[in-house]
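Here are my notes on the model you sent over.

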Amino acid sequence: MRTIDLAVTPLRELNSELHRQSDGTNEAQWEILNPRGQHAVAVGVDAPIKVAVRGPVGYYGGGMNKKATITIHGSAGPGVAENMMSGSVVVKGDASQYAGATGRGGLLVIEGNAASRCGISMKGIDIVVRGNIGHMSAFMAQSGHLVVLGNAGDALGDSIYEAKLFVRGSVKSLGADCIEKEMRPEHHQHLATLLDKAGITDVKTSEFKRYGSARKLYTFNIDNADAY
Amino acid sequence: MTYHNPPTTPRKSATFDDYTLSEIRRAAQTGIYDIRGGGAKRKVPHFDDLLFLGASMSRYPLEGYREKCSTSVVLGTRFAKKPIELKTPITIAGMSFGSLSAQAKEALGRGATIAGTSTTTGDGGMTPEERGQSKTLVYQYLPSRYGMNPDDLRKADCIEVVVGQGAKPGGGGMLLGQKISDRVAEMRTLPKGIDQRSACRHPDWTGPDDLEIKILELREITDWEKPIYIKIGGARPYYDVALSVKAGADVIVLDGMQGGTAATQEVFIEHVGQPTLACIRPAVQALQDLGMHRKVQLIVSGGIRNGADVAKALALGADAVAIGSAALVALGDNDPALEAEYNKLGTTAGAYDDWHEGRCPAGITTQDPELAKRLDPVRAGRRLANYLKVMTLEVQTIARACGHNHVHNLEPEDLCALTLEAAAMARVPLAGTNWIPGHGGGGF
């Protein structure tokens with residue numbers, strides 16, 4: 001295992017070392033010590049390695065990840081795993097705003113709560129939040145799945161496209177063009193798969209409600225102007 | 001006896017002119033705001049309102065065909081490990097695949113490459129055609145993040161974080177259903193055929209303090225190699241430029257209200273943002289006040305049409321310019337040879353701006369495969385290269401006439417203004433005087 005202590009090693013050196021890894025690397029296990037809220041920790045990784053970050057990270061931790069399994073043993077600042085392509089990012093604590101923003105693939109698991117705009121503009125990523133999520137989450141969400149075991153704040157799924165949202169608790173309000181939808185068998189099945197991938201075994205899919213696009217704002221219509 | 005008022009010539013209202021009346025009727029009929037492409041069409045103070053003084057007793061010119069006048073420009077010298085060097089200070093502005101056909105994007109890449117300059121992606125991601133034909137490609141990082149991925153980020157030569165656009169500072173992109181083809185829909189992760197409205201704000205940062213961290217992330221992902229641009233619309237150029245410097249830009253792109261868009265509300269295009277001419281001096285002033293002029297390079301766009309416009313922008317302090325609408329015309333947009341087809345669309349060559357409808361007879365602003373086939377990317381690219389080279393020669397001609405051996409040596413002292421407005425905006429004297437409105441001086 002490679003251990004890098006950010007208390008003594010510059011961030012640039014860490015990311016540079018991580019970027020040198022590629023498929024088939026024999027340095028598959030990494031441990032990062034003392035991140036102390038630094039921004040852009042382990043960003044742009046493009047190799048099937050495991051990275052354990054021992055402490056809290058600042059903005060954009062694990063940003064644009066491809067293939068790597070990154071576990072943050074602490075809380076994450078804004079934009080954790082933003083634009084992730086594949087692999088997974090697990091946050092053991094809470095996540096700030098924009099968690100998983102614009103993500104195109106992979107799995108983001110937040111074991112605590114996520115703040116506002118979780119999954120904003122998501123484009124294929126799967127996000128599982130064990131706690132609650134804040135307002136305007138899944139805003140303009142295009143594709144992928146957002147699973148919330150707790151409650152969702154105001155304006156969930158505002159201007160949503162084709163992403164699928166599953167919430168176990170309450171939803172304070174739905175955003176423009178977001179509606180509750182039927183949980184059909186295929187949704188139960190897919191949700192079960194997502195929960196399994198996130199390592200969550202203590203809830204049933206029947207406890208969730210599904211939300212998605214009413215598709216009423218997909219084309220301009222002056223009589224829909226009040227929706228905005 | 002009946003009194004008959006003597007007839008007068010019928011008079012139309014200057015306030016309610018023909019265009020205004022037609023817009024009222026159009027809105028009443030359709031129930032939707034007017035959407036179109038291009039930039040502001042209204043007349044605003046512009047580079048035409050400035051003149052070069054030329055050499056005389058106090059300055060001597062360079063020989064037009066014998067003495068060298070350099071045009072090269074290096075962009076991204078502040079932080080990037082790999083700044084780019086262009087042969088000409090005229091670059092191609094960001095335009096998306098989606099708004100433009102793949103053929104048009106390829107032609108832009110070809111033309112720019114022949115002329116030794118850069119071209120730029122847009123709100124639809126990077127296409128292989130474009131990357132393949134562009135020696136120097138700037139990759140836009142937009143609020144929508146359509147198609148954004150770290151591989152393309154690394155393939156790019158520069159990264160342009162788009163905060164705003166001159167045609168619509170504060171507005172997001174727009175691509176209507178007619179142009180959301182299978183390929184466009186896939187690249188943008190959107191359902192086919194919907195009216196797509198891009199976000200106007202970035203999803204994961206707000207304000208310059210956040211942007212500084214976002215730029216740190218982009219630099220870390222790309223190992224600090226790429227120059228990072230920040231593109232802003234002509235809103236509050238002094239403060240926007242100062243904050244862009246603070247956020248860590250290598251290069252700032254400043255786009256005035258004549259800068260084009262693929263599709264936006266007419267009311268936005270014509271009523272939001274400042275003219276290009278009004279933006280340049282405050283922007284340069286901000287760089288100078290921070291001691292960053294020429295260290296952070298400034299690219300100006302919005303209504304650049306010829307070498308004189310380029311030379312004037314450089315004289316006011318820009319390091320380079322970008323062209324969009326003019327480049328499309330060079331490819332073949334609004335060509336009078338297609339007049340019959342423009343007539344069928346209810347318009348005329350030179351006025352066609354319904355780019356969002358995707359019915360462009362020239363095959364440029366369309367996703368219709370039959371129309372797009374009309375544009376030969378090789379020939380269109382050559383036309384663009386010719387145009388870029390002509391403009392570069394024109395800039396050299398003016399620079400030599402002003403006694404400069406590099407186009408960057410052009411300066412405000414080479415200029416005078418024809419109108420009070422232009423004199424005040426460009427901060428150069430009104431012609432025939434030494435008076436700069438707002439800056440003192442007396443007439444002589």
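1. Start at S301 of chain B: its bridge partner in β15(B) is A322(B). Bear in mind that this is a predicted model. The bridge belongs to a parallel pairing of β14(B) with strand β15 (residues 320–323) of chain B, which runs over three bridges.

2. What joins these two strands into a unit? Helix α10 (residues 307–315) of chain B does: together with β14(B) and β15(B) it makes a β-α-β unit, and the unit is right-handed.

3. Now for the other neighbour of β14(B). Strand β12 (residues 251–255) of chain B pairs with β14(B), again in the parallel sense, over five bridges. If you want a residue pair to click on, take V251(B), whose bridge partner in β14(B) is Q297(B).

4. Is β14(B) buried or exposed? Five of the five residues in this strand (297–301) are buried, so the rest of the structure largely encloses it. In a regular strand, side chains alternate between the two faces of the sheet. Here Q297(B), I299(B) and S301(B) point one way, L298(B) and V300(B) point the other way, and all are buried.

5. Zooming out, β14(B) sits in an open sheet of eight strands in chain B, with parallel pairing and the order β5-β15-β14-β12-β11-β8-β7-β6. The edges are β5 (90–92) and β6 (118–120) of chain B, each of which pairs on one side only. From one strand to the next, the twist averages 30°. As a reminder, strands of a sheet pair through backbone hydrogen bonds, either parallel or antiparallel.

6. Two helices are worth a look against that sheet. Helix α2 (residues 102–115) of chain B lies across β5 and β6 of chain B, and it runs at about 160° to β6(B). Helix α7 (residues 237–247) of chain B lies across β11 (228–233) and β12 of chain B, running at about 160° to β11(B).

7. Last, the interface. How many residues of chain A are in contact with chain B? There are 35, and they meet 21 residues of chain B. On the chain A side, the elements that give two or more residues are α1 (11–19) and β7 (123–129) of chain A. The largest share, three residues, comes from α1(A). By class, the side of chain A that touches chain B has 15 nonpolar, 14 polar and six charged residues.

Terms used
Residues are numbered from 1 along each chain as its sequence is written. Chains are lettered from A and ligands numbered from 1 in the order in which they are written. This is a predicted model: local features need pLDDT of at least 70, side-chain atom pairs count only at pLDDT 80 or more; totals for chains, interfaces and linings use all residues. Two residues are in contact if their C-beta atoms, placed from the backbone, lie within 7 Å. Helices (H or I, at least four residues) and strands (E, at least two) are DSSP runs, numbered from the N terminus. Ala, Val, Leu, Ile, Met, Phe, Trp, Tyr, Cys and Pro count as nonpolar, Asp, Glu, Lys and Arg as charged, and the others, Gly among them, as polar. A residue is buried if 20 or more other C-beta atoms lie within 10 Å of its own, exposed if 12 or fewer, and partly exposed in between; C-beta atoms are placed from the backbone. Two strands pair if DSSP finds at least two bridges between them. A crossover is right-handed if, with the strands pointing away from the viewer, the path from the first strand over the helix to the second runs clockwise. Axes are lines fitted to C-alpha atoms, for helices over the stretch in contact, and angles run from 0 to 180 degrees between N-to-C directions.
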